[in-house]
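Q: I have a structure open and want to learn how to read it. Where should I look, and what should I ask?

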Amino acid sequence: MKVLITGAGGQLGQELVRTAPADAAVTALGSADCDVGDPDSVARAIARHRPDVIINAAGYTAVDKAESEPAVAHRVNALGPAHLAAAAGGARLLHVSTDFVFDGQQGRPWRTDDFTDPLSAYGRSKLAGEAPVLALGNAGAVLRTSWVYSKFGGNFVKTMLRLMSSRPEVRVVSDQVGAPTWARGLAEALWCVAARQDVHGLHHWRDAGAASWYDFAVAIAEEASALQMLKQPVSVLPIGTLDYPTPARRPAYSLLDCTATWQQLQHSPPHWRVQLRSMLLELKEDHG
Ligand SMILES: NC(=O)c1ccc[n+]([C@@H]2O[C@H](COP(=O)([O-])OP(=O)(O)OC[C@H]3O[C@@H](n4cnc5c(N)ncnc54)[C@H](OP(=O)(O)O)[C@@H]3O)[C@@H](O)[C@H]2O)c1
């Protein structure tokens, strides 16, 4: 299986590279080698490497910044998958989308057939990027996921660790609920999909369990303290979304219902807190 990974320098891209199965011949391209927003760059990369499977890990992920530069987000998140789909030439295209396609105004986890109504420019750009992949029929698969973190790059866990190391207390939003997802587990799920010709269409993937950002921050403080990654105790205080205004609106409840995908793949993730512990342990080991 020849696999082309785009956006290989990001959180997911790096986890895809390190979890690649032995039978996958992987070409991993960063934005400098394949700019998904440029149709010629995409066509050149695909013509050169002739993959059986393309995994698009490229994304514009600056949710707040996207409000002031929606065209840049659209170029990567909407046009990127469209260019990849147009050039795929028979290769399967696996793509990643987001829980932010939903408005969050529902009291149960979101299924793939629930209505979408993104609240942000980022969410709209991601929703627009799903269609060209799904239009490939049996050759296209979209995995929506949520709250991705890893030891690579910037993310909520690393931001919290930094703040918790330098402040006696941190205040975190408690009225937005979803699920953290370790990029490692998401990468493994994508490799499962890559190995299964019968998996296509729209899917949801996240770690097991549910949390508010506040719950997530409390767990980060507890797990990091247990691993002696925090030198002093820190208080985590719950605040409301209204107390922490951001340029982008975010869904209040965006927990993805993954039942169908977990069943079809016969593969389901551990609880998010178990994943968090594993990631923190690796982060600690990396830093000696
Ligand atoms: N992070 C989350 O919380 C989250 C939640 C739900 C869904 N997702 C989705 O999951 C996917 C992976 O996210 P992530 O967290 O791994 O993101 P990330 O760490 O921000 O990485 C994104 C990667 O995309 C690359 N990229 C940006 N513009 C590109 C372009 N024009 N052409 C090629 N590559 C480009 C970036 O490269 P440069 O640094 O060189 O620009 C970066 O390496 C994305 O589709 C994202 O929308 C993420």
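A: Begin with a helix contact. Pro39, Val42, Ala43 and Ile46 of α2 meet His83, Leu84 and Ala87 of α3. Keep in mind that this is a predicted model.

Q: How do the axes of α2 and α3 cross, and at roughly what angle?
A: Look at the distance, then the angle. Helix α2 covers residues 39-49 and helix α3 covers residues 70-87. Their axes come within 9 Å and cross at roughly 40°.

Q: Are α2 and α3 oblique or parallel to each other?
A: Angles under 35 degrees count as roughly parallel. At roughly 40°, α2 and α3 are therefore oblique to each other. Handedness comes next: α2 passes α3 in a right-handed crossing.

Q: Which residues make the contact between α7 and α9, and how do the axes cross?
A: Treat this pair the same way. The axes of α7 and helix α9 (residues 272-286) come within 10 Å. They cross at roughly 45°, and α7 and α9 are therefore oblique to each other. The crossing of α7 past α9 is right-handed. On the α7 side, the contact is made by Asp215, Phe216, Ala219, Ile220, Glu222, Glu223 and Ala224. On the α9 side, Trp272, Arg273, Leu276, Arg277 and Leu280 take part.

Q: What describes a pair of aromatic rings?
A: Two values do: the distance of the centres and the angle of the planes. In this model the count comes to 10 aromatic pairs. One of them is Trp147 with Trp213, at 3.6 Å centre to centre and 15° between the planes. That pair is stacked.

Q: Where in the chain do Trp147 and Trp213 sit?
A: Trp147 is in the loop between β5 and β6 (148-149). Trp213 is in helix α7, residues 213-226. They are 66 residues apart, so the pair links distant parts of the chain. Both Trp147 and Trp213 are buried.

Q: Why is the pair of Trp213 and Phe216 tilted?
A: Check the planes. Stacked needs under 30 degrees, and edge-to-face needs over 60. The planes of Trp213 and Phe216 stand at 40°, with centres 6.3 Å apart, so the pair is tilted. Both residues lie in helix α7, 3 residues apart, or about one turn of the helix. Phe216 is buried, as is Trp213.

Q: Which residues do the ring pairs link into a cluster?
A: Follow the pairs from ring to ring. They link Trp147, Tyr149, Phe156, Trp213, Phe216 and Trp272 into a cluster.

Q: What is the strand order of the open sheet?
A: The open sheet has 6 strands in the order β2-β1-β3-β4-β5-β10, with parallel pairing. The edge strands are β2 (25-29) and β10 (201-204), and each pairs on one side only. Neighbouring strands are turned by 20° against each other on average, direction ignored.

Q: How many bridges join the strands β3 and β4?
A: Count them strand by strand. Strand β3 (residues 53-56) and strand β4 (residues 92-98) run parallel and are joined by 4 bridges. Asn56 stands opposite His95 in β4. β1 and β2 pair in the parallel sense over 5 bridges. The bridge partner of Val3 in β2 is Val26.

Q: How many residues of β1 are buried, and which helix lies across the strand?
A: Cover is read residue by residue. In β1, 4 of its 5 residues are buried. Helix α6 (residues 183-194) lies across β1 (2-6), β2, β3, β4 and β5 (140-145). Helix α6 runs at about 150° to β4.

Q: Is Thr145 buried or exposed, and what does Thr145 touch?
A: Buried means under 20% relative accessible area. Thr145, found in strand β5, has 5% and is buried. Beyond four places in sequence, Thr145 touches Val96, Ser97, Thr98, Asp99, Thr181, Leu186, Trp205, Arg206 and Leu256.

Q: Where is Leu255 found, and is Leu255 buried or exposed?
A: Leu255 is in the loop between β12 (235-239) and α8 (259-265). At 7% relative accessibility, Leu255 counts as buried. Leaving aside neighbours within four places, its contacts include Pro109, Trp110, Val177 and Arg206. Leu255 and Ser212 are 43 residues apart in sequence, and 10.0 Å apart in space, C-alpha to C-alpha.

Technical notes: Residues are numbered from 1 along each chain as its sequence is written. This is a predicted model: local features need pLDDT of at least 70, side-chain atom pairs count only at pLDDT 80 or more; totals for chains, interfaces and linings use all residues. Side-chain values use heavy atoms; hydrogens and water are left out. Two strands pair if DSSP finds at least two bridges between them. Helices (H or I, at least four residues) and strands (E, at least two) are DSSP runs, numbered from the N terminus. Axes are lines fitted to C-alpha atoms, for helices over the stretch in contact, and angles run from 0 to 180 degrees between N-to-C directions. Contact means heavy atoms within 4.5 Å. Rings of Phe, Tyr and Trp (its six-membered ring) pair if their centres lie within 6.5 Å; planes under 30 degrees apart count as stacked, over 60 as edge-to-face and the rest as tilted. Buried means under 20% relative accessible area, exposed over 50%, partly exposed in between (1.4 Å probe, protein chains only). Angles under 35 degrees count as roughly parallel, over 145 as roughly antiparallel, 65 to 115 as roughly perpendicular and the rest as oblique. A crossing is left-handed if the near helix is turned anticlockwise from the far one by less than a right angle, and right-handed if clockwise.
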